[in-house]
Amino acid sequence: MTAPPHHIADRHGRPAAQRHFIGGAFHPAADGRTFPTLNPATNEVIAEVADGSAADVDAAVRAARRAFDDGPWPRLKATERAATLRRIAQLIRDHAEDFIALECLDIGMPVSQMRGLAARAAQNFDYYAGVIAELHGRAFQVGGDFLNYTVHKPVGVAGLIMPWNAPLMLSTWRIAPALAAGNAVVLKPAEWSPLTATRLAEVLAEAELPPGVFNVVHGFGETAGAALVAHAGVQLVCFTGETTTGRTVMASAAGTLKRCSVELGGKSPVVVFADCDAERAIDAAVAQIFTLNGQRCTAGSRLLVQTPLYEEIVEGVAARARNIRVGDPFDAATELGPLIRPEHHERVSAYIASARDQGARVSAGGGRPAGLEQGNFLEATVIADVREDMRVFQEEIFGPVLVAMPFADEAEAIRLANATQYGLAAYVWTSDIGRGHRVAHAIDTGLCWINSQNVRDLRTPFGGVKQSGVGREGGDYAFEFYCELETVHVALRDHPIPRLGLE
């Protein structure tokens with residue numbers, strides 16, 4: 001069944017009002033309330049968005065429960081669900097320009113980078129179509145007496161609370177395995193980035209996903225998000241966002257014993273040894289912090305360089321940062337767009353000011369680019385000679401700001417890499433592959449790349465340690481979260497059974 005028409009733009013070329021998508025149809029908020037979403041390049045209102053309340057969340061969860069309890073989706077063969085996922089993937093490719101334009105407008109992502117993220121969104125559905133068709137359990141034979149085997153079953157309704165930094169790609173990475181497993185989904189997009197979620201709902205309806213299997217409720221975390229986490233009809237909660245909020249989500253979910261997957265903050269080290277290929281390390285350090293507008297959880301935001309190479313690497317990175325092209329997200333030449341909101345721009349700028357006040361050296365950037373007085377633009381910034389006790393070393397800035405400090409030897413590199421509360425990603429640069437492995441193993445992190453920037457392999461698990469989160473998704477590891485694992489025990493012949501109560 002195709003959803004009612006919900007055009008991308010009104011007659012003035014602006015995105016149409018963003019409504020909830022519940023039970024296969026678009027709806028305004030139950031109480032009629034809306035909130036604005038802003039263009040980060042100008043801070044002008046680009047659309048009004050339905051402001052979800054507990055009533056809207058309840059309607060969406062009820063629709064999802066009906067689809068799960070009584071509808072066909074969980075009961076289809078895995079190959080049949082996989083066929084629908086492949087249709088979704090193709091439709092995302094067919095409508096890629098829509099998604100690219102909406103996300104560039106809504107979050108300020110440079111169009112050159114957004115093309116890759118839109119392709120990845122389609123790939124997420126194709127990939128999980130393949131994985132679910134091949135997913136299998138294990139069998140355990142107990143002599144000739146028993147054959148015990150495991151089966152994967154859908155869990156129920158998944159509540160997905162997604163971030164604003166790369167909403168299309170990060171949402172589809174969770175929606176795809178949730179649907180592949182046979183679950184129903186209620187998506188709560190970030191209030192700062194609602195546009196692609198609405199368009200995605202249209203695409204999933206066009207792919208003939210049964211009504212209620214996928215639902216969208218817009219709104220704020222304190223209202224719609226909190227109601228979704230607390231709802232007794234939800235069995236799974238996936239949250240990506242800030243660490244303090246993640247703790248609140250997990251505490252609330254515990255009240256109804258929901259399983260949780262939480263991907264939280266990061267302060268990832270880039271550990272550069274003196275024997276590395278310096279040019280490639282500079283390339284990777286620049287790319288890892290200044291792509292996605294610096295607003296990425298796996299950003300290599302702490303540059304730790306062995307003392308003999310420190311000045312060369314820091315100046316090399318700073319020189320490149322000074323040349324980063326900041327500007328209009330729709331300009332193909334732009335490398336760094338605006339930060340998401342004025343309040344976030346103020347927050348990131350305050351971190352830079354604190355580093356200056358504490359005696360660090362701003363080697364590049366640090367302010368608003370000339371000629372970009374409107375919007376939330378910030379220069380690519382490199383801060384050298386930071387100390388371990390500085391806020392910019394310890395706290396997630398979530399912007400295009402790289403901090404740097406030297407280390408003497410391998411032991412100090414490991415200590416500094418581990419000297420924050422976070423543990424999501426790490427990057428190690430060295431020509432000594434033995435040392436690369438040693439250091440990777442010694443860093444407390446969920447992910448570590450040796451002699452590479454962040455290059456994702458969809459088959460591998462993704463997640464953090466310490467205050468960076470709980471759980472792993474990616475590859476068939478995702479189905480440890482999105483599936484129930486049931487064990488079936490089959491007696492193959494008459495075996496001894498204790499006989500009680502006989503006279």
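Modeller: Helix α1 (residues 54-70) packs against helix α7 (residues 221-230) at an angle of about 40°, and their axes are 8 Å apart. Here axes are lines fitted to C-alpha atoms, for helices over the stretch in contact, and angles run from 0 to 180 degrees between N-to-C directions. That angle makes α1 oblique to α7, given that angles under 35 degrees count as roughly parallel, over 145 as roughly antiparallel, 65 to 115 as roughly perpendicular and the rest as oblique. The crossing of α1 and α7 is right-handed; a crossing has this hand if the near helix is turned clockwise from the far one by less than a right angle, and is left-handed if anticlockwise. On the side of α1 the contact is made by Ala54, Val57 and Val61, and on the side of α7 by Ala224, Ala227 and Leu228, where contact means heavy atoms within 4.5 Å. By class, this contact has six nonpolar, no polar and no charged residues. In that scheme Ala, Val, Leu, Ile, Met, Phe, Trp, Tyr, Cys and Pro count as nonpolar, Asp, Glu, Lys and Arg as charged, and the others, Gly among them, as polar.

The model is predicted: local features need pLDDT of at least 70 and side-chain atom pairs count only at pLDDT 80 or more, while totals for chains, interfaces and linings use all residues. Residues are numbered from 1 along each chain as its sequence is written, and side-chain values use heavy atoms, with hydrogens and water left out. Helices (H or I, at least four residues) and strands (E, at least two) are DSSP runs, numbered from the N terminus.

Within α7, the buried residues are Ala224, Gly225, Ala227, Leu228 and Val229; buried means under 20% relative accessible area, exposed over 50%, and partly exposed in between (1.4 Å probe, protein chains only). These buried residues of α7 pack against α1, β7 (157-161), β8 (184-188), β10 (236-240) and α8 (243-254).

Another pair of helices is α9 (residues 278-290) and α10 (residues 310-322), whose axes come within 10 Å and cross at roughly 50°. The helices α9 and α10 are therefore oblique to each other, and their crossing is right-handed. From α9 the contact includes Ile282, Asp283 and Phe290, and from α10 it includes Glu312, Gly316 and Arg320. The residues of this contact divide into eight nonpolar, one polar and three charged.

The salt bridges come next. A salt bridge is a side-chain nitrogen of Lys or Arg within 4 Å of a carboxyl oxygen of Asp or Glu, and by this rule the count comes to 24. One of them joins Arg93 and Asp126, with the closest N and O atoms 2.7 Å apart. Arg93 lies in helix α2 (residues 78-94) and Asp126 in helix α4 (residues 111-134), so this pair ties together parts that are 33 residues apart in sequence. Arg93 is partly exposed at 39% relative accessible area, and Asp126 is partly exposed at 26%.

Arg199 and Asp98 also meet in a salt bridge, at 3.1 Å from N to O. Because Arg199 lies in helix α6 (residues 195-206) and Asp98 in helix α3 (residues 96-107), the pair ties together parts that are 101 residues apart in sequence. Arg199 is buried at 9% relative accessible area, whereas Asp98 is partly exposed at 23%. Together with Glu202, Asp98 and Arg199 are linked in a network of salt bridges.
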